[in-house]
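Q: I'd like to learn how to read a sheet and the helices around it. Can you walk me through one?

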Amino acid sequence: MIYADNAATTAISEGALKTFIKVNEETWGNPSSLYTFGQKAKEILEGTREDIAKAIGAEFPREIFFTSGGSEADNQAIISAARLGERKGKKHIVSSAFEHHAVLHTLEKLKKEGFEITLVDVHENGLVVPSEVEAAIKEDTCLVTIMYANNEIGTIQPIKEIGEICHKKGVLFHTDAVQAIGHLPINVADENIDMLSASAHKFHGPKGVGFLYVKKGIALTNIIEGGAQERGKRAGTENVAGIAAMGTALKEALDNLDDNAKKLSEKRDRIIKGLKEIEHSAINGDETKRLPSNVNFCFEGIEGESLLLLLDDRGIAASSGSACTSGSLDPSHVLLAIGRVHDVAHGSLRLSIGEDITDEDVEYIIKNVKEVVEYLRSFSPVWRNLVAGKAEFIL
Amino acid sequence: MALYSEKVMDHFRNPRNVGVIEDANGIGEVGNAKCGDIMKMYLKIEDGIIEDVKFETFGCGSAIASSSMATELIKGKPVEDAMKLTNEAVAEALDGLPDYKMHCSVLAEEAIKSALEDYESRKK
Ligand SMILES: Cc1ncc(COP(=O)(O)O)c(C=O)c1O
Ligand code: FES
C-alpha cells in the first residue's frame, strides 16, 4: 500500500513506539503519587514538557499543557480566550472560514452564547491576508485564531505577520498548528504566538495525545474538571507513555525537518506536475506556500468517493472533500471557502505523502490517478455534457 | 469493517450495462438533491419489453453500484414491471447499503422512472 493520507494520521515511528512501550513497562506509576516510583513517572512527564517547550521556543516548560490531542487543545484555547475577553466585555473573535471543525464548532458554540464571530476570507489561493485580519479586529476583539497550515489543502498562513498585528492591537493570538508542528520550523516567540495547538499523531507520535502552548500570564479555563493535574487546568491522570512518545516523535521530526521537507516537496512537486497533465483539473491552494506533503486537486466531471475506492483497489490510500465521502453529505467547507463550487469540490483528491515515499511511488500515483479519472469520466453524464458543449467547463 | 458489501463492490468495480444507447427511445436524467450527483438512464423498449438498458453515473460507489444493479433488475422485463422497481429492491439486491447511502439507490429508481416517462411521452 502507498499510504498517502498522512494529514489524517501518521504511522507511529519506531522510536516513539519504543518509548511508549518502555514507559508503560518500566515507569507506569501515577505521576501524582509521592513515592519514588510515581515520581519517576513525574520526571518523565516534566522532562518531556521541558523538551517540547524548548523545541517550539517557549520560555517556560509550564507553558506546555498536555491534552488528549488537537481538538481538546483547540477547544480549551478558544474557550479560555473567550472567558478572559468576556470579563472585560470583549465578545468578538476573528478566525477564518477554513479552520478545522474543532475550531469552527467551538466558535459556533460561543456564537450561541452571544459572541460575535468574524471569519476572514481565505481567497482562491487558500491564504489569509494579514491586513484583512487587522481590518477585522475591533475594540471588543478578544481573540484571533488562524490555523498554521490547512489540513485539506496544506496552505501555510502568514502566522508571524498575523501575530504581529495581534500584539500591536493587544489581542490574543491562537494558532491551530496541528498540521504544521514537526513539519515546519516553528518558534512561538519569534512568531508572536500566544497559544498553539498540536497533536502527536500528525508527526508520527501516538493518537490521543497532544499539547497546548499557552504563554505565561494567560489564564486557562478548564474543559475537564477533576484532579489537580496540569497545574489544575486539565484534570485526569496523565497519559505518561503517550506524552513521552510524543516527545520522542517531535524530537525525531525536528532533527530531520529540513531533510524531510526537501525530499517531500520535491516529490510533491512532481506529483503536482504529473496531475496537472490531466485536462480540466486544478490544484487547490497556493502551489508553493503549502505543506511539503500536500497535494490537493479537483478533477471536473467525476466524484471523489468512487475515485478513492478505485485508488484503494490499486493500493493507494488517499482522501477527498466530496460530499459523498462525508457523513453529512456536504462538500468540504475548505474547498467551498476557496471558491470551489459544489460540482467541482465533488471531484477532489487529497494526497498527503509520507517520508518513506519512493520515486516509483510517485510514478505509480500519477499513472493510476490519471487512469482512474479517465475511467470515471468515460461514463460520467456530467463529463459527457461538458465535452458536448452542453455545459461550460469550470476548470 | 468494509464500507460496502461484497455485492456493492462487485457492481462498483465491474458495473453492468455502462454506456449509452444511441437509438434509445426512453432517456431519463435525474440529480440528487442531497449530494449533487447525477444519473442518466437509456432504454431501448420494443413491444413493451426493455430490450436494452444502459446508464451513466456521476456519483459515489453506492450510486454506481445502484445504477448497475437497477439495470440488471429491469433488463428483459416488461415495462410494467420496471415501473414497479423500488429503491429498496435495488438496495436489497445489493445486500444492503449503509443508511446514509440509501438515497443513492433512490437516484437509480428515479432515473428509471424518468426514462420510462420519457418513453411514454414519446409514444403520444
Ligand atoms: C488542523 C487540525 N486541527 C485539529 C485536528 C484535531 O486533532 P486531533 O485528532 O488530535 O483531535 C486535526 C486533525 O484531524 C487537524 O488537522
Ligand atoms: S451519490 Fe453522493 S453519496 Fe451516493
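Q: Which strands does helix H3 of chain A lie across?

A: Keep in mind that this is a predicted model. Helix H3 (residues 70–87) of chain A lies across S2, S3, S5, S6, S7 and S8 of chain A. Its direction is at about 165° to S7(A). Helix H4 (residues 101–112) of chain A lies across S3, S4, S5 and S6 of chain A, and runs at about 155° to S3(A).

Q: In what order do the strands of the sheet come?

A: The general idea first: strands in a sheet pair through backbone hydrogen bonds, parallel or antiparallel. Here, seven strands of chain A make an open sheet, ordered S2-S8-S7-S6-S5-S3-S4, with mixed pairing. At the edges sit strand S2 (64–67) and strand S4 (116–120) of chain A, each pairing on one side only. From one strand to the next, the twist averages 20°.

Q: How many bridges join S2(A) to S8 of chain A?

A: Four, and the two strands run antiparallel. To spot one, look for A:Phe66: its bridge partner in S8(A) is A:Phe211.

Q: Why do the buried residues of H6(A) line one face of the helix?

A: In an α-helix there are 3.6 residues a turn, so residues three or four places apart point the same way. In helix H6 (residues 159–169) of chain A, the buried ones are A:Ile159, A:Ile162, A:Gly163, A:Ile165 and A:Cys166. Looking down the axis of H6(A), they fall within an arc of 160°, so they line one face. Their cover includes helix H5 (130–136), S5 and S6 of chain A.

Q: What follows H6(A)?

A: That's A:Gly170, with a positive phi near 70°.

How values were computed. Residues numbered from 1 in each chain as written. Chains lettered and ligands numbered in written order. Predicted model: local features only at pLDDT ≥ 70, side-chain atom pairs only at ≥ 80, totals over all residues. Heavy atoms only, no water. Pairing = 2+ DSSP bridges. Axes fitted to C-alpha atoms, helices over the stretch in contact; angles between N-to-C directions. Contact = heavy atoms within 4.5 Å. Buried < 20%, exposed > 50% of the residue type's maximum accessible area, 1.4 Å probe, protein only. Arc of directions from axis to C-beta.
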